[in-house]
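Have a look at it first, and then we'll go through a few of its parts.

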Amino acid sequence: MTNQDGLLAAAERIATLLADRGVDAVVIGAAALAAHRYVRHTEDIDLGVNIAIRDLDAVAEGIRDAGYEVVVREPDGQDPLGGVIDVSGPFGLVQIVSFGERFPAVIDTGHADATLRVRSGASLRIIPLAHLIALKLYAGGMKSKADIVELLKRNPDADRGDIRALCRRYRLRGLEPLIREADASA
């Protein structure tokens, strides 16, 4: 079982190391889902970033130099992600998920628009709901679509117009059936 406080502290430290390299990080994945009222089991924290594929190894080396175990996974041609850096230790796993060279704008605007913090006084922020839905829509697949429906169901007060506008801005398709499904089951 993961030590949640240790994992959160490690994620904050890793986000600081990234910021020192000029890389903004925002919490995505299951931890962000939980912050937006959809709790799903997880034992890691995912940080969304924009790192060019050619820079993954250099960023990983900087984190490794800070004493962490690091593995870089570069994307293949079919991967919607721009690479993943797994950072592990006694705290568990922090995954740095890069959208660089794939879908960087949603991470940039998500970071800029994020106001919800992982805990009081922390600098690490959680991606806003509309941006999280856009990331899930971009990722595609049944699990991501199910996550979108659950997020919409559990956030009935979320501005559907804002979510639609953000997804249109990024030319993402397929949101309307998911909104209808969420609203029909509410």
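This is a predicted model: local features need pLDDT of at least 70, side-chain atom pairs count only at pLDDT 80 or more; totals for chains, interfaces and linings use all residues.

Let's start with two helices: α6 (residues 141-154) and α8 (residues 175-184) pack at an angle of about 50 degrees, and their axes are 8 Å apart. Residues are numbered from 1 along each chain as its sequence is written, and side-chain values use heavy atoms, with hydrogens and water left out.

- On the α6 side, the contact (heavy atoms within 4.5 Å) is made by K145, I148, V149, L152 and K153.
- From α8, the partners are L175, L178, I179, E181 and A182.
- Helices here are DSSP runs of H or I with at least four residues, and strands are runs of E with at least two, numbered from the N terminus.

**The sheet**
- Five strands form an open sheet in the order β1-β2-β5-β4-β3, with mixed pairing; two strands pair if DSSP finds at least two bridges between them.
- At the edges sit β1 (26-28) and β3 (69-73), each pairing on one side only.
- On average, neighbouring strands of this sheet are turned by 30 degrees against each other, direction ignored.
- β1 and β2 (residues 44-49) run antiparallel and are joined by three bridges, and V26 stands opposite G48 in β2.

**Helices across the sheet**
- Helix α1 (residues 4-20) lies across β2, β4 (84-89) and β5 (92-98), at about 20 degrees to β2.
- Helix α3 (residues 56-65) lies across β3, β4 and β5, and runs at about 170 degrees to β3.
- Angles run from 0 to 180 degrees between N-to-C directions, with axes fitted to C-alpha atoms, for helices over the stretch in contact.

- Leaving aside neighbours within four places in sequence, L18 touches residues including L47, V59 and I96.

**A loop residue**
- T115 is in the loop between α4 (104-113) and α5 (129-139).
- At 69% relative accessibility, T115 counts as exposed (over 50%; buried is under 20%, partly exposed in between, with a 1.4 Å probe and protein chains only).
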